Amino acid sequence: MLRSDPIKVKEILKHYKYEQSSLIHILQDIQVEYRYLPKETMLFVARELKIPLSRIYSVANFYNAFSLKPKGKHLISVCLGTACHVRGGKRIAEEAERILSIKSGETTPDLEFTLETVNCLGACALGPVVVVDGHYYGQMTSLKMKKLLSSSKGGRGNGKNEKDNKS
Amino acid sequence: MKKITNPENLEILRNSLIKQENPSMTCISVCLGTGCQASGSKDIIESLKQEIEKQKLSEKIKIKSTGCHGFCERGPIVVIRPRGIFYQKVKPEDIAEIINRTILKGEIIDSLLYVEPSTGKKVIYEHEVPFYKKQNRIIFGSNGSIDPTNIEDYIRIEGYSALSRTILKMSPEEIIEEVKRSGLRGRGGGGFPTGVKWESCRNAHGEPKYILCNADEGDPGAFMDRSLLEGNPHSILEGMIIGAYAIGSNEGYIYVRMEYPLAVERLKIAIAQAEEYGLLGKNILGLGFDFTIKINRGAGAFVCGEETALILSIEGKRGDPRQRPPYPAQKGLFGKPTNINNVETWANVPLIINRGAEWYSKIGTAESKGTKIFSLVGKINNTGLIEVPMGMTLREIIYDIGGGIPGGKKFKAVQTGGPSGGCIPEEFIDLPVDYDELTKVGSMMGSGGMIVMDENTCMVDIAKYFLTFLADESCGKCVPCREGVFRMLEIVTDITEGKGKEEDIPLLEELSKTIVDTSLCALGGTAPNPVISTIKYFRSEYEAHIKEKRCPAGVCKALICYEILADKCTGCGACLKACPQEAISGEKKKVHTITQEKCIKCGICMDTCRFEAIEVK
């Protein structure tokens, strides 16, 4: 697990000029840095921005982007937007849950994978869609999910045909 | 590039850009929208670059990476101009052939052409593809021909001319009048007249005033704003600057949802370029008007698409909606007068100024003017983004443009308006689509998602889907939404699991009415719509679930089972191997069977079977 580093957080705060209205931006950058919001960073931000910790906690709790628990190295997002849903997105999510032996929203104990379902990724024409570490995979089936995850588990978190699809 | 310091210099630059452009030079446009990128269009560009370099053709051929062309289903899409040859599902290994045959010899490659499913006819040119033929792409059309990361591409096609004309020749009141006369209504869903909104913010007391662009496109199944942001960001910026000048604001924000990283990247580039060219920032075009735009990334909350919640989110707070009035036009961002419009609304503004309100108001129906971009998705052959005049019928959209339902299945309903909308059944297939007609049948325009459903879609499951979504996204501030939606979800879940009671339907109707009447914001106020409309039009499906414990569409797990058809099973063993539960047994080359007690109804056997030997009962 990454340890939080006050110098990094200070840099982030400085970048946003210690503005209270930039709280969400600041927390977003901390989330990217540590893959979650460590308690001590929230305490630190509260002190530096002179915002009550309760307010920071309520913001962190409100938005889906923030996690209070460490997330895995690889993020698997299964889209459950309406278009993906009618084309069987839920079955894809269930298959991923079975393969990784975790529920949606959870992280594997080795902190390798976090599985989440999202409400719409805006790639509806390709549904059902799965995004692994920023790479989009369209027209998924449970079989493709199985292949994708077994290659991810063995490799670096990317499946086939990914090359440079980062978006 | 030096700053453009007056409107004449903008025209000089435009003219020189037009002159530089050699209309007969071959230009290969490759779609780099999210859909085509996911299908591998970045590799296409790489292969093109390599091949052109290898053959030393860089003087003769230009490559252009563009935004979304709309026909995402057929990606990656490559269009060769000036001839307009339309190649679809292109792979990197096709590139050498495209260069050698199409570019150098003028031949058409048959295998890359689009084939009309109904007639089997091959289509060569982009404008002849039936998907595009019936569209009127006045807002979205430039996406396919400009590079969104190059401001000069936008300037060349009239870009920023509306801005220079408004500041130079029109008073703010005249601009507002023009927008009012155009009949433009908000494209985010509500359909409020844009000009009236602007006027009320202009007349509001208090300084400074703020301009916001709502790019928190949260409706699942809608992605037109994303494609505009990614494919033509300058049209949105230009609309915002004109709006700011008309309203009297010097500061604007664009609130983009976090799921759209590419849109944020393209916007950043566009804003930096517009500033560099003197079209944004201090003293725009030397005409003494200042306007800056900042980007705010959302943090994943559907309710932040609601304007009062969006404002709080920009202020760095929780996005809990508040009661209106006061409306944002009076008391908005940081307590000051604020005007919020959605992405597509802003993109309409330069066009209205350039072509005039009269021209614009001729498109569409009596009360809904202009065009609307829809995302046509779900169980439909041609999925993608379409732009049609308001008033086109659902039949034309679904059958003529969308190419009908795949696999010869029967059309059941189309869902519009996202979680606030409803499902429109087949009896309304000839409904002309505009704001008011959709509301009349119990749905709404929303941001423009159109999710087509066929006979295999269970309407009770759809109601459950939206309730799950809304229960998850409810902010929890008011009781009717927080508790009411949750109770509705419990009831509908029971129905899908065969535990429904006959009194559940009237109970759902009663709860719906209370939630609509008493919720604080639009999220709660419209939350019951998917349930109300599915009960209204598909009551028999609810009754089948409740009385017969049967899911007619074969979706609800607790009410279905998978069976192997003896006459079709070849005993190949593929399903047996794939089943995660070891629920399938049988000897090789003999009919297999499913042990129902072990089956978890994951459907993998059905996906695996190549002989259509597995059926849902």
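Which residues point one way from β10(B), and which the other way? I looked this up to begin with. Thr338(B), Ile340(B) and Asn342(B) point one way, Asn339(B) and Asn341(B) point the other way, and all are buried.

**Entry 1: ground rules**

I noted that this is a predicted model, in which local features need pLDDT of at least 70 and side-chain atom pairs count only at pLDDT 80 or more, while totals for chains, interfaces and linings use all residues. Residues are numbered from 1 along each chain as its sequence is written, chains are lettered from A and ligands numbered from 1 in the order in which they are written, and side-chain values use heavy atoms, with hydrogens and water left out.

**Entry 2: β10 of chain B**

I then looked at the strand as a unit. β10(B) covers residues 338–342, and five of its five residues are buried. Buried means under 20% relative accessible area, exposed means over 50%, and partly exposed lies in between (1.4 Å probe, protein chains only). Strands are DSSP runs of E with at least two residues, helices are runs of H or I with at least four, and both are numbered from the N terminus. I found β10(B) paired in the parallel sense with β7 (residues 210–215) of chain B, over five bridges. Two strands pair if DSSP finds at least two bridges between them. In this pairing Tyr210(B) has Thr338(B) as its bridge partner.

**Entry 3: β1 of chain B**

Six of its six residues are buried, so the strand is largely enclosed by the rest of the structure. Thr26(B), Ile28(B) and Val30(B) point one way, and Cys27(B), Ser29(B) and Cys31(B) the other way. I found two partners listed for this strand. β2(B), residues 61–66, runs parallel to β1(B) and is joined to it by six bridges; there Ile61(B) stands opposite Thr26(B). β3(B), residues 78–81, pairs with β1(B) in the antiparallel sense over four bridges, and there Arg81(B) stands opposite Cys27(B).

**Entry 4: salt bridges**

I searched the whole structure and got 47 salt bridges over all chains. A salt bridge here is a side-chain nitrogen of Lys or Arg within 4 Å of a carboxyl oxygen of Asp or Glu.

Glu126(B) counts as buried at 16% relative accessibility, and Arg81(B) counts as partly exposed at 23%.

Lys54(B) and Glu51(B) make another, at 3.7 Å. Both lie in α3 (residues 41–54) of chain B, three residues apart, about one turn of the helix. An α-helix has 3.6 residues a turn, so residues three or four places apart point the same way. Lys54(B) is exposed at 62%, whereas Glu51(B) is buried at 10%.

I also noted Glu107(B) with Arg101(B), whose closest N and O atoms are 2.8 Å apart. A network of salt bridges links Glu21(B), Lys62(B), Lys64(B), Asp153(B) and Arg156(B).

**Entry 5: where the chains meet**

How many residues of each chain are in contact? I read off 46 residues of chain A and 69 residues of chain B, contact meaning heavy atoms within 4.5 Å. The two chains bury about 4400 Å² between them, 53% of it on carbon and sulfur atoms. Buried area is the accessible area (1.4 Å probe) that two parts lose on being put together, summed over both. Phe62(A), Thr82(A) and Val86(A) supply 14% of the area that chain A buries against chain B, more than any other three residues.

Across this interface the rule finds three salt bridges. One of the pairs I looked up is Arg91(A) with Asp607(B), the closest N and O atoms being 2.9 Å apart. The side of chain A that touches chain B draws its largest share, five residues, from α2(A).

**Entry 6: α4 of chain A**

Last, I checked α4(A). Its buried residues are Ile56(A), Ser58(A), Val59(A), Ala60(A) and Phe62(A). They pack against α2 and α3 (39–49) of chain A.
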